[in-house]
Amino acid sequence: MLVTGSEILQDAHKNGYAVGAFNINNMEIIQAIIEAAEETRSPVILQASQGGIKYAGIEYISALAKVAAERSTVPVAVHLDHGTDFVQVVKCIRYGFTSVMVDASKYPLEENIAMTNKVIEIAHAVDVSVEAELGKIGGTEDHIKVDEREATMTNVDEAVRFVEETGVDSLAIAVGTAHGVYKGKPELDFDRIKAIKEKTNIPLVLHGSSGVAYEDLEKAVSLGINKINIDTDVRMAFADAIKDFLKDNIDEIDPRKILKPARANMSQVVAEKMRVFGSAGRA
Ligand SMILES: [Zn+2]
């Protein structure tokens, strides 16, 4: 069933588990995620980035995601990932997304608060949930120096002020993860997660979670992370399966035969994450 982001994340927040938010770009990825959610009886968030929407077209991606959610027997939210453009955010609300992320994290605190409030006013009027970002979650290619790392992370006092002045439904925090494929081992700042959770008491979101050790993710969840974003690991499952299949079947031309093993492989990877995050069995 199609539900709001808040409905899913409030339950996770109350009961101390996290829900996976997986990026979607086409039908097979959506089917793989839903299959995993039903198999593990897990609530799930299907999220489209601005790039994903550009690739598939907003009409296609929203229709596919909504059909998947409505036909599903588990709670599913359809979410915009990293909405940096106000027009894009509003369009997603119009196309039936039940949750949006407003990402104004590159601006100073006051502007971030103002942009987030502008989105909240519109989104909450039509029962759409809002995630915001505070701190700078970069890419693995950003090469941040160790002494500069602290400055990119979410400041605890600013998080308190941000939540008080916006009433945002969930908050993405920068605590040592990055987007993309990690070269070394990511070092999470667990004390920061704990402090932000204790002082804000709202659902917290971890971006860039592919490639983070499962024991670290479990610890992050126990300290207050309730939404875990996964994109890279699903991409890898997709590409690996297709490469494997074509290696042995180089003359195959049927897209169904080429994409079926990719769909199955993605589903397996997603189901594994759901068990680690603690969302399995919650639907
Ligand atoms: Zn992200």
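The answer below starts at the metal site and then turns to several helices.

Tutor: The model is a predicted one, and every value given here is computed from it. The zinc ion is held by three histidines: His 82 through NE2, His 179 through NE2 and His 207 through ND1, at 2.0 to 2.1 Å. Along the chain, these donor residues follow the spacing H-x96-H-x27-H. His 82 belongs to strand S3, which spans residues 76-83, while His 207 sits in the loop between strand S7 (204-206) and H10; the pair therefore ties together parts that are 125 residues apart in sequence. His 82 has 18% relative accessibility and so counts as buried. His 207, with a relative accessible area of 1%, is buried as well.

The loop that carries His 207 lies between strand S7 and H10, and H10 leads on to a helix pair. Two packed helices are described by the angle between their axes and the distance between the axes. For helix H10 (residues 214-223) and helix H12 (residues 255-277), the axes come within 9 Å and cross at roughly 45°. Because of this angle, H10 is oblique to H12. On the H10 side the contact is made by Tyr 214, Leu 217, Glu 218 and Val 221, and on the H12 side by Glu 272, Lys 273, Val 276 and Phe 277. Sorted by class, the contact of H10 with H12 comprises five nonpolar and three charged residues, with no polar ones.

Helix H12 also contains Asn 265. With a relative accessible area of 24%, Asn 265 is partly exposed. Leaving aside residues up to four places away in sequence, Asn 265 touches Ala 237 and Ala 241. The C-alpha atoms of Asn 265 and Ala 280 are separated by 18 Å, and the two residues are 15 residues apart along the chain.

Helix H9 covers residues 190-200, and its buried residues are Phe 190, Arg 192, Ile 193, Ile 196, Lys 197 and Thr 200. Just after H9, Asn 201 adopts a positive phi of about 55°.

Asn 112 lies in helix H6, residues 109-125. Its relative accessibility is 1%, so Asn 112 counts as buried. Apart from residues up to four places away in sequence, Asn 112 touches Ala 104, Ser 105, Tyr 107, Glu 133, Leu 134 and Phe 162.

Key
Residues numbered from 1 in each chain as written. Predicted model: local features only at pLDDT ≥ 70, side-chain atom pairs only at ≥ 80, totals over all residues. Heavy atoms only, no water. Axes fitted to C-alpha atoms, helices over the stretch in contact; angles between N-to-C directions. Helix = DSSP H or I, 4+ residues; strand = E, 2+ residues; numbered from the N terminus. Parallel < 35°, antiparallel > 145°, perpendicular 65-115°, else oblique. Contact = heavy atoms within 4.5 Å. Nonpolar A, V, L, I, M, F, W, Y, C, P; charged D, E, K, R; others polar. Buried < 20%, exposed > 50% of the residue type's maximum accessible area, 1.4 Å probe, protein only. Donors = N, O, S within 2.8 Å, 3.2 Å for Na, K, Ca; no water.
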